Amino acid sequence: MAFTVYAVARIRNLYAVVMLGSIYSLLAAAVFVVLDAVDVAFTEAAVGAGISTVLALGTIALTTDREKPPQRTRILPLAVVILTGAGLIYGTLDMPRFGDPNAPVHQHVAPVYLKQSIPQTTVPNVVTSVLASYRGYDTLGEVTVIFTAGVGVILLLGNWRRRRRRPESENENENA
Amino acid sequence: MHSYLVLRVVTKLLLPFILLFALYVQFHGDYGPGGGFQAGVIFAVGFILYALIYGTENAELVLPRGILRFGYSLGVLIYAGVGIYDLLLGGNFLNYSVMSHTPAHGQHLGIFLVELGVGITVSSVMVTVFFTFAGRQKPTD
């Protein structure tokens, strides 16, 4: 994975970058499977390695497949990245050991969900019951985000010009 | 893309299985990994594959944009509608337990409907985004 990231940062041919990004997603999905997070792995493989790659290729087909070489030296961005990275790594020092059963994440609501999910909802896949039932508000928000993304893409790139000539359809655009 | 016979035949062979697998992931999400998000993406991938091989115009004949636009509104409406239906039945917003005679059955129904809404929205948005990107011409400058 580290090699893929390095290659993505170095290669200027955007087709290769998209393919490497897809490989990275696939590797991430494999890591999730190893961690027993099958649902997340499924999503990562379908969305990260599948759809995003196709959409990125579509974007490249519309624009260009070469990255512009940088014009100035990038000291400030490099400093910001290193500082942020160091801060994040410093933050992980306080984190509980991997898989520690006494970690806060395993003490709060997770045991309640795991114990009560099947008696309360009779849904064998706890991930689904947490996602759709206990955390229903969040998921509604996520769906709304996807909806908004779709509307945004249509408004920006969709074929609205034909309609805009007619003045009475202005309201229709705003309601869409 | 019109001359690659192998791709065209393999696409036609694979397409029903991709769509069937998407429906399986959608409706089996209660029991195995998967759910609305993944199923929606896989369903969309089926149509995107078809559009890649047979051209966006033919894919839009199968799935016109009007239906897609209707679809992704419908998904959100199903989800929010379930929540409001629960409110009307006297429960909290998105509390599925009041939806049926037993709480567990209500949860089942609620999760099923909500996942269906998620699936419809995700697949419609994905196909729409792809059509919108692929349907544009490269600006000639």
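Helices are DSSP runs (H or I, at least four residues), numbered from the N terminus.

The model is predicted, so that local features need pLDDT of at least 70 and side-chain atom pairs count only at pLDDT 80 or more, while totals for chains, interfaces and linings use all residues. Residues are numbered from 1 along each chain as its sequence is written, and chains are lettered from A and ligands numbered from 1 in the order in which they are written.

Not counting residues up to four places away in sequence, B:Met126 touches A:Ile51, B:Gly40, B:Val41 and B:Ala44, a contact being a pair of residues whose C-beta atoms, placed from the backbone, lie within 7 Å. The contact between the chains takes 39 residues from chain A and 44 residues from chain B. On the side of chain A that touches chain B, two or more residues are given by each of helix H3 (38-62), helix H6 (110-121), helix H7 (126-134) and helix H8 (136-157), with H3(A) giving the most, 14 residues.

The axes of H7(A) and helix H5 (residues 103-134) of chain B come within 9 Å and cross at roughly 85°, the axes being lines fitted to C-alpha atoms over the stretch in contact and the angles running from 0 to 180 degrees between N-to-C directions. H7(A) and H5(B) are therefore roughly perpendicular to each other, a term that covers 65 to 115 degrees. Here A:Thr128, A:Ser129, A:Ala132 and A:Ser133 of H7(A) meet B:Gln107, B:Gly110, B:Ile111, B:Val114 and B:Glu115 of H5(B).

Chain A has 10 helices and zero strands, and 19% of its 176 residues count as buried. Its average pLDDT, the predictor's confidence in each residue from 0 to 100, is 78, and 86% of the residues score at least 70. Confidence in chain A is highest in helix H4 (residues 75-93), at 90, and lowest in helix H10 (residues 170-175), at a mean of 44.

Methods
Contact = placed C-beta atoms within 7 Å. Parallel < 35°, antiparallel > 145°, perpendicular 65-115°, else oblique. Buried ≥ 20, exposed ≤ 12 C-beta atoms within 10 Å, placed from the backbone.
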